[in-house]
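Subject: Handover of a structure

Dear colleague,

Please find the structure below, together with its sequence.

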Amino acid sequence: MLCAGTGCVSNGTFRIKEALEAELAKHDLQDEIAVVLTGCNGFCAQGPVMVVQPDNIFYQLLTVDDVPHLVEEHFLKGRPVEKLMYTPPAAEAPVPKMSEIGFFEKQRLIALRNRGLIDPEKIDEAIARGAYRAMAKALLSMAPAEIAATVKASGLRGRGGAGFLTGLKWELTAKQPGNGKYIVCNADEGDPGAFMDRSIIESDPHAIIEGMVIGARAIGAGKGFAYVRYEYPLALERLEKALEQAREYGLLGTDILGSGFDFDISIHRGAGAFVCGEETSLIRSLEGLPPEPRLRPPFPAESGVHGKPTCINNVETWATVPVIIDRGAEWFSQIGTETSKGTKVFALVGKVKNTGLVEVPMGITLREIIFDIGGGIEKDKAFKAVQTGGPSGGCIPESLLDLPIDYERLAEVGSIMGSGGMIVMDEDNCMVDVARYFLEFLRSESCGKCTACREGVDAMYRIVTDICEGRGEPGQIEMLEELGEAVQDGSLCALGGTAPNPVLSTLRYFKDEYDAHIQEKRCPAGVCRALITYTIDPDKCKACRVCVKKCPQEAISGEKKQPQVIDQDKCIQCGVCRDVCKFEAVLVQ
Amino acid sequence: MAKLKPEDLDKIARRMRKAMSLREGAGRAKVTVHMGTCGIAAGARPIMSAAMACADKAECDDLIVTASGCAGLCSNEPMMTVELVGEAPVKYIDLTVEKVERIFAEHVLGGQIVTEFALALGSEQTL
């Protein structure tokens, strides 16, 4: 087990691994002895470190030159090499290791490889962690077609949502005749609760610049745009500084690293419209036009920005590219599932104990993400659903928690990978209300070009609102399904094409909640205000009267030292009393 | 700044690794405050100011105080990483100015990890 923590990697873990594997193969031991990379052991000062199991023998300060001797002595002759051995201090470490913390244990950082490790405003620190090394390799020792072929062979698929094979997109753009091609980095991250792109730009802007230069070389583009939404001021500031520093070093501009290749990137600030994440709308926005999607084909690879062949990839995709060039397609394609290679960054939010940004290998299960990494549900309440893929995605119920995550599997259950938003919901979330929330979002974000999306989503929103507010009628569920299909069929772009997903997936898995709202005029989760009443349990009420003071309607009253009572005529079902009650005496029905 | 040649990347990397790595003698301790948008929203700026003030007060030139991006665990921001020469880095979570002052006195200057505020030691598995 070789340590692949930051410290050991910078001291040459990967060179040791390659030497070790080669040496083991030489002695025909490759099937008996597995070389496994692990998280940090905490002995960084002795790195690179290695532990040999089952004997638990600890080697330190390894160099490539030590490897042949070590393999021969330890693995062939069974004699541990004493001069390389290290006895960890017997004293118990007072705090656990990062690799023992659930949140970090199952993560594997590729796109986020420099998170928290470098000062993003200092290019030298990024270079010290290997930035621009892959770019130098691509520009100086690889033909453009070879770069695209490597990325294609790695199996990397677009991380923005649709999951198109990145290398294939590059080849299609490269094949187009003519010059003046463009590269675009799509950082118009608009899903509620998603912040993968923002965090990557903020913590490691050079990863994106490097990826874009490599991509530009592969397709023959001379100019790139980073389309970043205006709501990301810190990301914009750090990306701008990074671009300046890269230009100063000649890593952007003319004749990059003496390779004869010219390329530069400018930032375009988006006004924060959700539809701009859609590539044809983004192109129009870049051209200064209102962001409305158009029919494809022609695809941007044929006719994109200013009618020129354009390759658009998402932030996370660009940030992953340098590692693939550096470490090879085969290395990358070993991670993940049959159809989805590598790792994916998710913004894990909602009712989980540990919220944050997680990068995990494809094929990990939802249960592992939510319970092992996320630490389970807040206050140990019952899990209800997880929403993936933002407003275009769907809600996945508990019965599907063991689903291994990849593009195909998520689509099969009615959701999508999307850009990586992951919102966890518990028993207190009403699924009809969740569907209403996403419809409200999409209704205001629809650009209005296609009637089906503009009117259909609005009609769906009005029906779901009726259901939430107690005006539900039989037949409305069928109406929602019909409208959903019409919106999917009649919309040009993915915004409309996927807009019904939150409704259709909640109908598929949580139809009982819709039925309760419509038939019994009851909200099982106690969320929809028109369908619930708050009462105070006289047995539990300790007459502390905190709720009396906090109630904005002054609807709660009662004698001192006696259980308090809510006046239903004054109550607006805001739920403040329930939130402030320390004795769980406020009931919701 | 002259344009880089390919071999300059290695030179910068080697030089910076020395400057960043404590075992190469860059300093006695390095304190990294995690300042992504989430960290800043959770109050990383006053944490940074407190760390700088503590470093100034200690009057040691071999203390490095620096900023970095988000460490990933948003629910426990603000976070800070303390690394002493020859030791594994320690991540501290849910910081306040008072906690930073104690961490400086006991860990950065005194060498004893403040276990009640520490999450874990070591680093994540990269690549």
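Predicted model: local features only at pLDDT ≥ 70, side-chain atom pairs only at ≥ 80, totals over all residues.

Residues are numbered from 1 along each chain as its sequence is written, and chains are lettered from A and ligands numbered from 1 in the order in which they are written.

Contact between the chains

Chain B contributes 42 residues to the contact and chain A contributes 62 residues; two residues are in contact if their C-beta atoms, placed from the backbone, lie within 7 Å. On the chain B side, two or more residues each come from α1, β2 (63–68) and β5 (118–121). Helices (H or I, at least four residues) and strands (E, at least two) are DSSP runs, numbered from the N terminus. The largest share of that side, seven residues, belongs to α1(B). By class, the side of chain B that touches chain A has 21 nonpolar, 15 polar and six charged residues. Here Ala, Val, Leu, Ile, Met, Phe, Trp, Tyr, Cys and Pro count as nonpolar, Asp, Glu, Lys and Arg as charged, and the others, Gly among them, as polar.

Ala13(B) lies in helix α1 (residues 6–20) of chain B. Beyond its neighbours within four places in sequence, Ala13(B) contacts Ile127(A) and Ala128(A). Ala13(B) counts as buried because it has 21 C-beta neighbours inside 10 Å (buried: 20 or more other C-beta atoms within 10 Å of its own, placed from the backbone; exposed: 12 or fewer; partly exposed: in between).

Nonpolar cores

The largest nonpolar core has 212 residues, and Ile208(A), Ile369(A) and Val464(A) have the most contacts inside it. Such a core is a set of buried Ala, Val, Leu, Ile, Met, Phe, Trp, Tyr and Cys residues joined through C-beta atoms within 7 Å. A second, separate core of 10 residues includes Cys551(A) and Ile556(A).

A helix pair in chain A

Helices α17 (residues 431–445) and α18 (residues 451–468) of chain A pack at an angle of about 150°, with axes 9 Å apart. Axes are lines fitted to C-alpha atoms, for helices over the stretch in contact, and angles run from 0 to 180 degrees between N-to-C directions. The two helices, α17(A) and α18(A), are therefore roughly antiparallel (angles over 145 degrees). Val464(A) is one of the α18(A) residues that make this contact.

Yours sincerely

Methods. Parallel < 35°, antiparallel > 145°, perpendicular 65-115°, else oblique.
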